[in-house]
Every structure is written in C-alpha cells, then in structure tokens.
Number of protein chains: 2
Amino acid sequence: MGAPDRGRSSGQASSTRRQFLLGGAAAGVGAATALGIDYALTRDSGAPVSVPLNGDETVPFYGVHQAGIDTDAQAHAVFVGLDLRADTDRDGLRRMMMLLTDDAARLTQGVPPLADSEPELGAAPARLTVTFGFGPEFVARANGAGPGWLQPLPAFGIDQLQPEYTDGDLLIQVASDDPVTVAHTTRMLLKDSRSFASVRWVQTGFRRAHGTMKPGTTMRNLFGQVDGTTNPTPGTADFDEVVWNTSGWLAGGTGAVIRRIRMDLDKWDRLDRSGRDQSIGRFQSNGAPLTSSPHGEAAEFDEPDFEAKTPIGFTVIPEFSHMARARPVEAHERIFRRAYNYQGPPAGDELSDSGLIFTSYQADVERQFTPIQRRLDELDLLNEWTTPVGSAVFAIPPGCAEGGFIGDTLLT
Amino acid sequence: MGAPDRGRSSGQASSTRRQFLLGGAAAGVGAATALGIDYALTRDSGAPVSVPLNGDETVPFYGVHQAGIDTDAQAHAVFVGLDLRADTDRDGLRRMMMLLTDDAARLTQGVPPLADSEPELGAAPARLTVTFGFGPEFVARANGAGPGWLQPLPAFGIDQLQPEYTDGDLLIQVASDDPVTVAHTTRMLLKDSRSFASVRWVQTGFRRAHGTMKPGTTMRNLFGQVDGTTNPTPGTADFDEVVWNTSGWLAGGTGAVIRRIRMDLDKWDRLDRSGRDQSIGRFQSNGAPLTSSPHGEAAEFDEPDFEAKTPIGFTVIPEFSHMARARPVEAHERIFRRAYNYQGPPAGDELSDSGLIFTSYQADVERQFTPIQRRLDELDLLNEWTTPVGSAVFAIPPGCAEGGFIGDTLLT
C-alpha cells in the first residue's frame, strides 16, 4: 500500500523519497541522485545500485492531520498513557503541548531538540511519527467541550481491565521502523512532559520489520491470523469519512481506542487448524473468507458470502465467528485498525504473555466502534482465547501548521 | 562489516545472497536472478531494480560453530533461561536437544517444524539464528565434565542480582531482524522444551533495525555511547582465538556471559556532555578515544593514548574511566561483545526501565572475562549510573552437522 499524499505543509523531500522506495510512479527525475548512495548493491551487471537507508526516511510532521494514523504502520510503536499532575492547569497544558510539539516536530525530521542529551540516538528517524491524544480530564482542564464519546467505554462482560493499562489523560504514541529511535523519542518526550504529567502506563508493540515483507502485506497477529484486511485505505474519501472528525476543535482529528487484548496462545495451540479458521471466519493460510479459496494471495480481499451454506445447512462462515460478528450492521459501523503485537515474559507456567495492542481510529467512537464491540462482547468464538485487559479512549486533535502546536484548536 | 564465510555445510544460497545485499565482492554472476524481484525500485534511468526482501535472508544452521555468535548482530534478540524439570535425566536432555535442534534447523531456513501451528509467522526468517547454551546443572545431569568456569560469576560489590534474571540450566538465544519471527520462534522452541524444562527468565533486546544504518556501524547503547568498538572481527584468527574453545566436548563452542545492566537514564540525563565523555573515556559524538578528534567517523577506531596528559598533568583519558579500567592488563583478557538494549515501563516515578543486555562470548570465562569485570567492580566511573541486576554463565556447545544435534559432543 503506497503512501497517500497527505498534503502536508512541510517542504521535505521525504514524500518523493518514500514513493521512490515503494516503487511509486511519482518518483521524479533525479530522485536517485538526491538520495545519494547510502549503501551499494552490486547487480549481476556489475553496476552499483544505491539503496536508500531507511533510517533517513521521514514523515512530515505539520499538516491538517497528525501523522501516525494514515501513515503506513511502522514496525515498532510505544503507547504511553499519562496522568496530569494536580497543579497542571489550562496554561500548563498549553505550555506542555507547545514543548512536546516542538520536540516532536524536530525528532520526526531527525533534528535533535535543544535539550536532547543523546542526539546520536535520534539521528535516524526511520519514518518516526509522534501522535498526541487527549483524555476526558485533559479536555475538562482545558475548559473544552466534548466530544460526548470521550469517556471510558461501557463495561463489557469479557473485560478484565487492569488499571495499569486503562484510561489516562494524555496519550503519546511513538512509532518508527527503528526500535532505538522509538525508545529514545519516548524518553525525550517524557522528559519534557515530566513537570506536567506522570507515566500511567506504557505498552510496547511490534509488527513485521521494515523490509521483511512486500509493502502492503496485511499484518498477522500472534494467533497467525491476518489482521486488518477490511481496513479503509488511507488517502480515499472512504478513509476520510471513517476516520476524520469534522466538528469544533476536533475537526481534522479523530477518536482513538486502545485496548490491550491478552491472547492465550497456550490454549490456542490446542485448537486445530479447522477450529482456528472457523473461529475467525477466514482461512489462516491466506486470510481469505471461508467462502473463498484458502490458496492465493488475492483471495484475502474477496467479499465474504455470509449466506452461503454447507451441505447440511449451516452457514459456511459461522454466525458466531469473529468476522461475522464484527461486520457492520449499520453502514456507519466502520473503524480503521492499526494494531501492534506484544509478547513478554510469562506469568506462572505459561510460555509467554502475548497479545494485541488493538488500536482503532474513528471519527465517533460511540457511533462507530461501540456497537461492534458490543456484538463481540455478546458472542464471538474468539472470546474463548482472548481477554481485554486494558482499555483507553482519547480524542486525537488535528495536526497543526508550523508556528502552531498540537492542541492549539482547544487551547487557544 | 561483511558476513564472514562461516564454512558451514549447508547448501543454501544465503551466503551469496548476504554478500550481495551487503555489497560484498563475492556476489556471483546471476545472483540477482536467483534472488528474484522481491520488490522494485525505480531508478532515475527508469529501469526497475530488484531489492531482496530481508525476510528471505537465512543464516546457515549446520556448521562447526553455532550461528548467532559470529553472525552480524540482528536487530532483535530474546534470551531465555530455563530450569530443567526434576525428572529430566541424561536421556531426556538428549531427546530435548534433538527436538530443539530439528526445530531450529527448520525455522532458521524458513521451513516450519511439523508441530508449528502458525507456520505463516515463521515464513520470513530475516537472518534468524537460534543458539543454545548449557548451565552447570545441564552438564552435571549429562554426566559431563567442566569446564571449570561454568559456574556463577564471583559476587561483585556492584551487583544487585535479581533471581528472575540470574543463572539457569539451559539458554535459548533467538535473534532475527524481524521481531515477529523472534516472538514466534521463541514460542515454538519453548513449546517443544516444555516437558523437559520451564521458563526461568526472559530478556528481550533490540538494536538498530535492519536498513536503518550503514552495515558495520557500531551499535550505541541507550546512554548514547558506541558499544563494541574494540571487538575482534569475526572471520579473523584473532576472533577465533578469543571466542572458540578448543577442548573436549566444548571444542568449537564458547562461553557466554549474559548480564542485565540497568542504566539509570534519569540520573544520566543530569550529567553534562563532558562528564559523559570522561566517564567512558570516549567522545559520545563519534566514539573516538579522548586522545583523538571528536569529529569524523574513522576516529572511532583510533588507538587510545592512555599516557597522554592534560596541561595540568592529568591523563587525558581518566584512569577511572570505563575504557581505561576495561582494557586488558594481560593480553588474554579479551572478549567478544554482542549486546542488546532493553527498555520497558518504569517502576515508580522514573521515565523508563532501561539498560543493556550485556552479552559476551569468550573461550574461557574465568581467564578472559572475570579479570576485566573485577577491575570494573573495583573502580569504574560508569558504575555511578549502572547496576548489574542479572547474571548468567553458559557453555555454548559447538555446532553440529546435518543428522547430528546441538550438544551431541556432550550427550552421545
């Protein structure tokens, strides 16, 4: 999936650069020269071929929307939920967001902030993006209004929420193809937020590394399932309608739902291949709906036939499968997913603590996300192997222009 | 740093492939054709250029030495320390190692083991290596002898060891440029070790991503310092002498020291640039010794002048700096480092739990490693900001031929 033209105001050459890397048609004459020879391959013809270092790639910071949502998902992400300190008032929020915006604008372009004591670690942004989100308390202290959906999700029966992964006043989402860059950027931002807010939770996630797979390959979660097939495509009107909010200070922003879903891989291991396919409604092999072929890459994107029946009269795609339950009942029940895997040391005699940092973006959380989640809560075969252990909702304000700051539509 | 020719017995084309990617001189005629067009760049000439997908790259499994030591360090690694179950006897050890060897031999070549229920996750090895090590209890149960250094390190005054990162009977070291591959491989191996051993500790580390930097760039730790400048170079006689053991069942193997070093980044942040340079004895900027220039890439590898004095008579490289204390007093005090960074959620009001998974390999731990560590324990400016919180020593047995298994020199 190529990079959409985000229409940002930055004069950086990164967009051209990226299209070049991904084989886009828009690579201009001279682009290779501009890139320099970062390191060389020797082709069979013997001629050296320049390959751009991914570390040098940048995603523009300034623009109508914040980066990190319609950006092709980077390999690594850290999500930090912060609590505002008791004495952080509206003026403090403004100062904090001006400071964090300046840091993020620099770091994402590979320019160290003035207070950076390890500028060497930030020299390779590798498509670094920083995205900020506001919780209910943040908006209240800013004397802002709404949106109405900016509150904890309804309590679901399947939830076993732990406070260390739940709620928060400020979200800092850092993503890059390089894990050192993510680690350094996260610390740099937390340093500058320190006098205004404290760390409430941290979640670290990963996807396939840059260069592992063909660009555009749908990610797989640790169950082995493709995850995100039906996503709207960034850069389309469809995506814009699903994701971007259009009202008040949030116009150009969106709503973020971040849920930590523990996946019981030890139990999942005991399920056979057919059981796995049935639970999701897709073939694990290629991600195709069960009404298509389990072979071939293209079949992943086939339309599922929820009416098709087996010879003995059951639907081919089980009614209680994840896919059948998650599909929109109303046309507006659509979301944009951008999940990350996590895996850490086990508790007790398990082999790992594994799961998914489920992340979805939608213009209106209550209208688009909650009905889907309610259906999944009521009935979803996959619930047998998954448990939500964290949940948070944030309003992601729009992007800003140079000279402005993230949150300026709320705070000025 | 190009891939050394490891002289492995595998017939895979990966070695050629890797030299090709890294610009080695040995890329044969037709290599590009063999690689296929994984994805295409468009050069300014308009001609498509194939770029190999890093996910397809493999490191041979079979050979004189186990892979994962002289392999250019991959971006991601997981180190797992296991405890043998009470009823795992010598025969059990043999069965376990035959099973794990078969899994590792397949997974590293992108071939799923028979019992793999998520073969899709293992399809992109991305230079996956799996390396096994044996603790004292493993060797005892195998009725094996020595080596004498295979025991916990002496207690050092700076240590604050936590049992959850210390000791262990079996080491499984999994490394790849792709984090999903590391996660999946780790689980796959733990599944097959489950009836013989239980997880004691897990440490997950990272370096720069594949493609972020020029190959051969020395890694930096989270203090921002270059880490590993004076390492011997794989493929040289010097490396062979430092790393590979030559006696008995361990011939072709080595000794591994894995120490988790907590780095107090919050405190480090309060140290100025000059203080940082003094503590290590090198410029943070380019890693050059303080007796060289802080500018220019090449200076990193200049010989330090430990005798050079400042105008007022102090040594330019402080006697108590990490570099001055760590340098060999006896010529044999040399090790091969292959460290990984870690960063996780903070405890208390800190910003992160950060540090280094210090990993060194040497033929004889007591003779080569321990004297260095003893000097650092006695005096090292860096101790002010670092605390060892985990420590483990393992004997890494040699590699094996096809049909054999890792540990067969000890267990048959």
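UniProt positions are given here in the numbering used for this structure, with feature names shortened, and such annotations may be inferred rather than shown by experiment. From an unreviewed UniProt entry comes the feature "domain: Dyp-type peroxidase C-terminal" at residues 219-400 of chain A. The feature "domain: Dyp-type peroxidase N-terminal", also from an unreviewed entry, is placed at residues 66-207 of chain A. This is a predicted model, in which local features need pLDDT of at least 70 and side-chain atom pairs count only at pLDDT 80 or more, while totals for chains, interfaces and linings use all residues. Residues are numbered from 1 along each chain as its sequence is written, chains are lettered from A in the order in which they are written, and side-chain values use heavy atoms, without hydrogens and water.

Helices (H or I, at least four residues) and strands (E, at least two) are DSSP runs, numbered from the N terminus. Residues 219-400 of chain A are 21% helix and 21% strand, with end C-alpha atoms 30 Å apart. For residues 66-207 of chain A the figures are 27% helix and 23% strand, and the end C-alpha atoms are 21 Å apart.

Helix 10 of chain A covers residues 365-378. Of its 14 residues, 10 are buried, so helix 10 is largely enclosed by the rest of the structure. Buried means under 20% relative accessible area, exposed over 50%, and partly exposed in between (1.4 Å probe, protein chains only). The buried residues include A:Phe369, A:Ile372 and A:Leu376. Among the elements they pack against (contact means heavy atoms within 4.5 Å) are strand 7 (254-263) and strand 11 (386-396) of chain A.

Turning to the contacts between chains, a salt bridge is a side-chain nitrogen of Lys or Arg within 4 Å of a carboxyl oxygen of Asp or Glu. The count over all chains is 42. One of these links A:Asp266 and B:Arg187 at 2.9 Å, N to O. A:Asp266 lies in helix 7 of chain A and B:Arg187 in helix 5 (residues 179-193) of chain B, so this pair joins two chains. A:Asp266 is buried at 8% relative accessible area, and B:Arg187 is buried at 5%.

A salt bridge also forms between the side chains of A:Arg276 and B:Glu118, at 3.0 Å, N to O. Here A:Arg276 belongs to helix 8 of chain A and B:Glu118 to the loop between helix 3 (90-108) and strand 4 (129-134) of chain B, so this pair joins two chains. A:Arg276 is buried at 1% relative accessibility, and B:Glu118 is buried at 4%.

Definitions and conventions. Expected span 1.5 Å × (residues − 1).
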